[in-house]
Amino acid sequence: MARRSLRLSLKDVFLHSAVGILFSLLLWFSGLLNGIEADTFDLRVNLHARPSPATSSIIFVRVDQESLDHIAQVTGEAWPWPREFYAAVISNCKRRGALAIGFDVTYTESSRAGVKDDWYLGEAIRKADNFALGSVFPTKESHALHTEWPTDIPRPSFNFTADGILRTAIPSYPRATFPIAEIVSDSAVLSNVQHQPDPDGIYRRLHPFVMFDGEPLPSLGIAMYLAAHKDAKTIVTDDAIYVGGRKIPVDDDGMAMLNFRGPSSTYPYLHASSLIFQEMSIEQGLISPDDLARDMEDKYVVFGFTARALYDLSLI
C-alpha cells in the first residue's frame with residue numbers, strides 16, 4: 001500500500017512538473033514575461049544601481065517648441081525648416097569649438113527649397129570636418145531603397161576590426177535607406193539610428209554596431225567619438241567591443257546596456273533657434289565671430305528634435 005502511494009506521488013510530481021515546465025515555456029515564447037522582466041529590471045536598477053556622474057562634455061541642441069515658435073515669429077519660416085538653418089547650427093557649433101557634432105536627422109530626399117539649400121548644408125558639413133550624421137536606416141523590409149552601399153557615398157574610413165566571436169552577434173541587414181549624397185558625402189562618419197525599444201517603449205539596450213553590405217555602422221554616440229578621434233581603433237573581440245581603447249561590454253546578442261545618468265534635464269541643452277539667430281547676426285555683420293564664447297570647446301554636441309509636434313522624442 002505504501003509502495004503504491006509512493007508510485008502515485010512520484011507520478012503526480014512528474015506530471016505537475018511537466019505541466020509547470022510547459023506552462024513556463026508557453027509564457028516565455030509568447031512574450032508575456034517580457035513586461036514583467038522589464039519592470040523587475042527597472043526595480044532592481046532603482047534599488048541597487050547608482051548612476052555614474054554625468055560627463056560635462058555633452059551638450060544637446062534641441063529643435064523644441066520654443067525654437068519652432070521663435071523661428072516662425074522672426075523669419076516667417078514654418079516647419080519644415082530650410083536646410084540652410086541646419087547649416088547655421090553646424091557652423092555655429094564649429095565656431096564655438098565643438099569637438100564633434102552629431103545630427104539625428106533624416107535627409108533621404110532633396111530639399112524642397114532647391115539644390116542650393118542642400119549645398120549650404122553639405123558645405124557646412126565639409127567645413128566642420130567633425131560631423132556625424134545619424135541618417136541611415138538599415139532594415140530587413142523591402143521598402144528600403146538600397147541593397148548595396150551607394151556608389152556616390154564614401155564607405156566608412158574608420159579603423160574597424162572584427163575577428164572575435166562577437167562578430168557573428170553583430171546584426172547584418174540586407175537593405176538600408178541612405179541620406180542623399182549631396183549632404184552626406186563629406187560627413188566624417190555615418191551612423192545607424194534604427195534602434196528598437198523594449199515592448200514597453202523604453203530603450204534599455206542597443207547594438208553599438210550593425211553591418212550593411214559588409215560595412216560597419218556605429219550608433220550615433222560612437223560615430224561622434226570616431227568623428228572626433230579619426231585614428232581611434234574599433235576592435236570586436238570574443239566578449240566586448242573596444243572603441244579607442246574604451247571597453248563596451250555586450251551580451252551574446254551583441255547589445256550593450258544603456259547607462260542612464262539621470263533624467264532628461266541631466267545634460268545642458270540649447271534651443272536650436274538661438275544658434276541660428278547668432279549665426280545670422282554674424283553673417284549680417286552685427287557681431288564678430290571673435291566675440292563668440294568658446295563654450296563648446298572639447299564637447300560633443302548632439303542635435304535632434306524634441307518638439308512633440310515633430311514626433312521624434314528619442315535622441316539615440
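User: Which residue in S10 does Val-210 stand opposite?

Analyst: Two strands pair if DSSP finds at least two bridges between them; strands (E, at least two residues) and helices (H or I, at least four) are DSSP runs numbered from the N terminus. In this predicted model, Val-210 stands opposite Leu-217. Strand S9 (residues 209–212) and S10 run antiparallel, joined by 4 bridges. The open sheet has 3 strands in the order S5-S9-S10, with mixed pairing. Strand S5 (172–173) and strand S10 (215–218) each have a single partner, so one side of each lacks a neighbour in the sheet.

User: Which residues lie nearest the centre of the largest pocket?

Analyst: On a 1 Å grid over the protein atoms alone, a pocket is an open set of points where a 1.4 Å probe fits, with protein on both sides within 12 Å along at least five of seven lines; lining residues have an atom within 4 Å of a point. Here 42 residues line the largest pocket, and Ile-58, Gly-221, Leu-258, Asn-259 and Tyr-267 lie nearest its centre. H7 gives the most to this lining, with 5 residues.

User: Is Ser-273 buried or exposed?

Analyst: Buried means under 20% relative accessible area, and exposed over 50% (1.4 Å probe, protein chains only). Ser-273, in helix H8 (residues 272–283), is buried because its relative accessible area is 2%. Beyond neighbours within four places in sequence, Ser-273 contacts (heavy atoms within 4.5 Å) Ser-67, His-70 and Ile-71.

User: What conventions apply?

Analyst: Residues are numbered from 1 along each chain as its sequence is written, and side-chain values use heavy atoms, without hydrogens and water. Local features need pLDDT of at least 70 and side-chain atom pairs 80 or more, whereas totals for chains, interfaces and linings use all residues.
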